[in-house]
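The exercises below are meant to be worked through slowly, with the sequence and the structure side by side. Try each task before reading the solution that follows.

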Amino acid sequence: MVRAHKIRLNPTPEQATYFKKACGTSRFVFNWGLERWREQQALQPATGAEGFGPARLKAEFNALKREQFPWVLEVTKNAVEDGFRRLGSALKNYFDSQNGNRKGSSVRFPRFKSKKKARQSFTLDYERFQVEGHWLHISKLDRPVNLAEPLRFEGKLKWATIACEAGRRKAKLQLARFQERIANQRQDRIHKMTTEIARTYRLVAVEDLHVKGLMRNRRLALSLADASLGEVLRQLAYKSTRLVQVGRFYASSQTCSACGYVNSKLELSERRWVCAACGVLHERDWNAAVNILQEGLRLAT
Ligand SMILES: [Zn+2]
């Protein structure tokens, strides 16, 4: 799961200049690559996206940059990479759209990026920055950049996009978007639970619930999705020493675990019920679990 976090930056004038340079570098690289690509196409019309080699263009650029574009060395190399990455996806989207490999409205052929565009940005990958409380550390910047607020989420930061918003004249307001992958805590809990079960019990009986079928029932879908039932079963299947699946048509909820009477009128909303035959009061889930275990033991022998 990727979450985006948008935070205003309060850069010093030097840092604001740095960001402008980095945004400018990304834009310049995009335009340079697009032009080179078009030149190549004019010389030998290639077949769509295959004719485009972002890696080759990047290598060509890197070979030239020290001599021809030394100013790109003043900012993080992510700015250059970002320009090629954006060009690559712009061209890919265009060709995919042409070839019918992309859903949605058709995508235009990429156009040169204008300097006058209100919003300019560049993206840093996780190796190039760090966040500590109210401070953003970026490689090649002497001092950390102040954040208007700290991160609200836990998790690993994947990348940061720094956008320079023009207008408001001095472009003081800077926006950063952090993408983070939140640690999958639920997955972790499920793993711990299934490991514990597999270690403690030699035999585990589970109801072979038709998960996909149940998910189609909107009332059930929410609670089931939350419990990640399918994932629990998958893990139990490979962790358990002995996993017995009880058929999904076995009436585990309706059957009285004490006497075997089947209460076919039991509604899903009834969490407790009294057996009409033997008078035992049942907790719905507990009763079903006892039945599943008994049926599982029967199938296992
Ligand atoms: Zn009974």
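**Exercise 1.** Leaving aside its neighbours within four places in sequence, with which residues is alanine 22 in contact?

*Solution.* Before starting, note that this is a predicted model, in which local features need pLDDT of at least 70 and side-chain atom pairs count only at pLDDT 80 or more, while totals for chains, interfaces and linings use all residues. Residues are numbered from 1 along each chain as its sequence is written.

Step two is to apply it, which gives Val75, Thr76, Ala79 and Phe122 as the contacts of alanine 22 once neighbours within four places in sequence are left aside.

**Exercise 2.** Decide whether each of alanine 22, tyrosine 18, threonine 161 and arginine 119 is buried, partly exposed or exposed.

*Solution.* The rule is a count: a residue is buried if 20 or more other C-beta atoms lie within 10 Å of its own, exposed if 12 or fewer, and partly exposed in between, with C-beta atoms placed from the backbone.

- Alanine 22 has 28 other C-beta atoms within 10 Å and is therefore buried.
- Tyrosine 18, which lies in helix 1, has 21 C-beta neighbours inside 10 Å, so this residue counts as buried. Not counting residues up to four places away in sequence, tyrosine 18 touches Val75 and Leu141, and the C-alpha atoms of tyrosine 18 and valine 75, 57 residues apart along the chain, are separated by 7.1 Å.
- Threonine 161, in strand 6, has 16 other C-beta atoms within 10 Å and is therefore partly exposed.
- Arginine 119, in strand 2, has 11 C-beta neighbours inside 10 Å, so this residue counts as exposed.

For the protein chain, buried residues make up 21% of the 301 residues.

**Exercise 3.** Which residues touch the most other members of the largest nonpolar core, and which element supplies the largest share of this core?

*Solution.* A nonpolar core is a set of buried Ala, Val, Leu, Ile, Met, Phe, Trp, Tyr and Cys residues joined through C-beta atoms within 7 Å. The largest one has 29 residues, of which Phe19, Ala22, Ala79 and Leu136 touch the most other members. Among the elements that each supply at least two residues of this core are helix 1 (13-43), helix 3 (78-98) and strand 2 (119-125). The largest share, nine residues, comes from helix 1. A second, separate core of five residues includes Ala205, Val206, Val246 and Ile292.

**Exercise 4.** How do helix 1 and helix 3 pack, and at what angle?

*Solution.* Axes are lines fitted to C-alpha atoms, for helices over the stretch in contact, and angles run from 0 to 180 degrees between N-to-C directions. On this basis helix 1 and helix 3 pack at an angle of about 45°, with their axes 7 Å apart. Angles under 35 degrees count as roughly parallel, over 145 as roughly antiparallel, 65 to 115 as roughly perpendicular and the rest as oblique, and helix 1 and helix 3 are therefore oblique to each other. Among the residues that meet here are Ala22, Thr25 and Phe28 in helix 1 and Ala79, Asp82 and Phe84 in helix 3.

**Exercise 5.** At what angle do helix 2 (residues 54-68) and helix 3 pack, and which residues meet?

*Solution.* The angle is about 150°, with the axes of helix 2 and helix 3 10 Å apart. That makes helix 2 roughly antiparallel to helix 3. At the contact, Pro54, Leu57 and Lys58 in helix 2 meet Phe84, Leu87 and Gly88 in helix 3.

Notes:
Helices (H or I, at least four residues) and strands (E, at least two) are DSSP runs, numbered from the N terminus. Two residues are in contact if their C-beta atoms, placed from the backbone, lie within 7 Å.
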